Amino acid sequence: WRPGTDPPSPFPRHSPFLTSTATMADPEAVGKAFIAHYYAMFEQNRPALGNLYQDASMLTFEGTKFQGTQAIVQKLSSLAFGPCKVTLSTQDFQPSISGGILVFTTGHIQTEAEAPPLKFSQVFHLMPVNNSFVVTNDMFRLNLA
């Protein structure tokens, strides 16, 4: 890619997100659809998040790394709180040069009606695989300061 020209599409031509004119759907639209699904599952059914990861996927949760679907689901399912409510404050999306989508969110998690909400930041790297997107990288941090 050269400055002054349109950058090449970071998404493969076989992607299900291509329109009939063979242009890529907006990564923001893909990212928004992903986070709506992800946080709905995070709130009520964390084991179901396993469908979004692969064996090569990695989660860094508060500085500790978990690799593979089983380890990631085990970590997410073992959090000290049950059903919760996630409210997003910000959401940012970028196409990555490796052909995926970077997603960055901030917000808060309400774990109990009487507990103060927990502020958090989370980054996802989504990659197209078999006509879908999977989470290859996921980084989660509580913002305690």
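Q: What is a nonpolar core?

A: A nonpolar core is a set of buried Ala, Val, Leu, Ile, Met, Phe, Trp, Tyr and Cys residues joined through side-chain atoms within 4.5 Å. Buried means under 20% relative accessible area. Now the case here, in a predicted model. The largest nonpolar core has 26 residues. Tyr38, Phe42, Tyr53 and Phe124 touch the most other members.

Q: In what order do the elements run from the N terminus on?

A: The order is α-β-β-α-β-β-β-β. That makes 2 helices and 6 strands. Of the 145 residues in the chain, 37% are buried. Take contacts between residues at least 6 apart in sequence: 46% of them join residues at least 24 apart.

Q: How many residues does helix H1 have, and how far does H1 reach?

A: H1 spans residues 27-44, which is 18 residues. From first C-alpha to last, H1 reaches 26 Å. That is close to the 26 Å expected at 1.5 Å a residue.

Q: Which residues of H1 are buried?

A: Start with the general idea. An α-helix has 3.6 residues a turn, so residues three or four places apart point the same way. In H1, the buried residues are Pro27, Val30, Gly31, Phe34, Ile35, Tyr38, Tyr39, Phe42 and Glu43. Their cover includes strands E1 (53-61), E3 (85-95), E4 (101-110), E5 (118-129) and E6 (132-142), along with helix H2 (69-77).

Q: What does phenylalanine 42 touch, not counting residues up to four places away in sequence?

A: Phenylalanine 42 touches Leu49, Leu76, Leu79, Phe81, Cys84, Val86 and Ile109. The ring of phenylalanine 42 also has a charge over it: the charged end of arginine 46 sits 4.7 Å from the ring centre.

Q: How is a pair of aromatic rings described?

A: By the distance of the centres and the angle of the planes. Rings pair if their centres lie within 6.5 Å, and planes over 60 degrees apart count as edge-to-face. The count here comes to 10 aromatic pairs. One of them joins phenylalanine 34 and phenylalanine 124. The ring centres are 4.9 Å apart and the planes stand at 75°, so this pair is edge-to-face. Phenylalanine 34 lies in helix H1 and phenylalanine 124 in strand E5, so the pair ties together parts 90 residues apart in sequence. Both residues are buried.

Q: What kind of aromatic pair do tyrosine 39 and phenylalanine 124 form?

A: The pair is edge-to-face, at 6.3 Å centre to centre and 70° between the planes. Again distant parts of the chain are linked: tyrosine 39 in helix H1 and phenylalanine 124 in strand E5 are 85 residues apart. Tyrosine 39 has a relative accessible area of 6%, so tyrosine 39 is buried. Phenylalanine 124 is at 0%, so it counts as buried.

Q: Which residues do ring pairs link into a cluster?

A: The cluster holds Phe34, Tyr38, Tyr39, Phe42, Phe61, Phe81, Phe120, Phe124 and Phe140.

Q: Is glutamine 122 buried or exposed?

A: Read the relative accessibility. Glutamine 122 stands at 3%, so this residue counts as buried. Glutamine 122 lies in strand E5. Leaving out residues up to four places away in sequence, glutamine 122 touches Tyr38, Tyr39, Val103, Phe104, Thr105, Asp138, Met139 and Phe140.

Q: With which side chain does glutamine 122 make a polar contact of 2.8 Å?

A: With the side chain of aspartate 138. The side chain of glutamine 122 also makes a polar contact of 3.4 Å with that of tyrosine 38.

Q: Where does threonine 136 lie?

A: Threonine 136 lies in strand E6. Its relative accessible area is 18%, so threonine 136 is buried. Its side chain is joined to that of asparagine 137 by a polar contact of 3.0 Å. Beyond neighbours within four places in sequence, threonine 136 contacts Ala56, Ser57, Met58, His125 and Met127.

Definitions and conventions:
Residues numbered from 1 in each chain as written. Predicted model: local features only at pLDDT ≥ 70, side-chain atom pairs only at ≥ 80, totals over all residues. Heavy atoms only, no water. Helix = DSSP H or I, 4+ residues; strand = E, 2+ residues; numbered from the N terminus. Expected span 1.5 Å × (residues − 1). Buried < 20%, exposed > 50% of the residue type's maximum accessible area, 1.4 Å probe, protein only. Contact = heavy atoms within 4.5 Å. Phe/Tyr/Trp six-rings, centres within 6.5 Å; stacked < 30°, edge-to-face > 60°. Lys NZ or Arg CZ within 6 Å of the ring centre and 35° of its normal. Polar contact = N/O pair within 3.5 Å; in protein donor to acceptor, adjacent residues only side chain to side chain.
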